[in-house]
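The sequence and the model are shown next.

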Amino acid sequence: MQTGILRVLRATAASWWRHRELRRTGQSALAQRLERQTVLRDLGYLKQAASLPNAHVICGEGGTFIHLGWTTVSTLAPIERFPLAALAVARGTPFIDIRHVTDVIAFANLPRVARDGSVDLDHSGAGRSVSLTSYIDMVEKLGARITNNPRPRQSA
């Protein structure tokens, strides 16, 4: 594990208002225990982001979301103010920046990304799911920017 990642996760956990308040009121041991739990939880999220086939980070006007199959971690802040998401992207997790998508109706009508890597054979209906690469193809046509693209490179 890189010490830089641990340093960021520890600093983020220590900066939470709840942990700061515990320290201020003399409950430093409890604050430390909660910070350790937070860091371990976030390390688990980073490991999942690196290992799950359809894990990705998406950022829009509504905030930033880390999609990890059946788990989603989110904040109302942009990725620049969400260190866990920024770390996941820095470690290679696909990042879909939809802040430049102007057709919100078309975006809202896109299928969801399959949670477990499987593809829904029924290609109609609100519950339709597609692979991450198919989703990226669709959202990119709407103006999204992709970082750490999981699609195979095409030679010219």
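Five strands make up an open sheet in the order S3-S2-S1-S4-S7, and the pairing is mixed. Strands here are DSSP runs of E of at least two residues, helices are runs of H or I of at least four residues, and both are numbered from the N terminus. Two strands count as paired if DSSP finds at least two bridges between them. S3 and S7 are the edge strands, each pairing on one side only. Direction ignored, neighbouring strands of this sheet are turned by 15 degrees against each other on average.

This is a predicted model, in which local features need pLDDT of at least 70 and side-chain atom pairs count only at pLDDT 80 or more, while totals for chains, interfaces and linings use all residues. Residues are numbered from 1 along each chain as its sequence is written, and side-chain values use heavy atoms, with hydrogens and water left out.

**Pairing within the sheet**

| Strand pair | Sense | Bridges | A bridge pair |
|---|---|---|---|
| S1 and S2 | antiparallel | five bridges | Val57 and Ile66 |
| S1 and S4 | parallel | three bridges | Ile58 and Ile96 |
| S4 and S7 | antiparallel | three bridges | Ile96 and Ile146 |

S1 and S2 form a hairpin, with two residues between the strands. Five of the five residues of S1 are buried, so this strand is largely enclosed by the rest of the structure. Buried means under 20% relative accessible area, exposed means over 50%, and partly exposed lies in between, with a 1.4 Å probe and protein chains only. His56, Ile58 and Gly60 point one way from S1, and Val57 and Cys59 point the other way. In a regular strand the side chains alternate between the two faces of the sheet.

Helix H6 (residues 132-141) lies across S1, S4 and S7 and runs at about 20 degrees to S4. Axes are lines fitted to C-alpha atoms, for helices over the stretch in contact, and angles run from 0 to 180 degrees between N-to-C directions. Past strand S7 (145-147) comes a segment that holds Asn148. Asn148 has a positive phi of about 60 degrees although it is not a glycine, and its relative accessible area of 31% makes it partly exposed.

**Cores**

A nonpolar core is a set of buried Ala, Val, Leu, Ile, Met, Phe, Trp, Tyr and Cys residues joined through side-chain atoms within 4.5 Å. The largest such core has 23 residues, and Leu9, Val57, Ile66 and Leu84 have the most contacts inside it. At least two of its residues come from each of H1, H3, S1, S2 and H4. A second, separate core of 13 residues includes Ile58, Ile96, Val101 and Val130.

Contact means heavy atoms within 4.5 Å. Apart from its neighbours within four places in sequence, Ile66 is in contact with His56, Val57, Thr71, Thr72, Val73, Phe82, Leu84 and Ala85.

The axes of H1 and H2 come within 5 Å and cross at roughly 70 degrees. The two helices are therefore roughly perpendicular to each other; angles of 65 to 115 degrees count as such, those under 35 as roughly parallel, those over 145 as roughly antiparallel and the rest as oblique. Where they meet, Ala13, Ala14 and Ser15 of H1 face Trp17, His19 and Arg20 of H2 in contact.

His19 counts as buried, at 3% relative accessibility. Beyond neighbours within four places in sequence, the contacts of His19 are Ala13, Ala14, Ala31, Leu34, Glu35 and Thr38.

Helix H3 (residues 28-51) has 24 residues, which at 1.5 Å a residue should span 34 Å; its end C-alpha atoms are 35 Å apart, in agreement. The expected span is 1.5 Å times one less than the number of residues. The buried residues of H3 include Ala31, Glu35, Thr38, Asp42 and Tyr45. Their packing partners are helix H1 (3-15), helix H2 (17-24), strand S2 (63-68), strand S3 (71-75) and helix H4 (83-90).

**The chain as a whole**

The chain has six helices and seven strands, in the order α-α-α-β-β-β-α-β-α-β-β-α-β from the N terminus. Of its 156 residues, 36% are buried. Among contacts between residues at least 6 apart in sequence, 50% join residues at least 24 apart.
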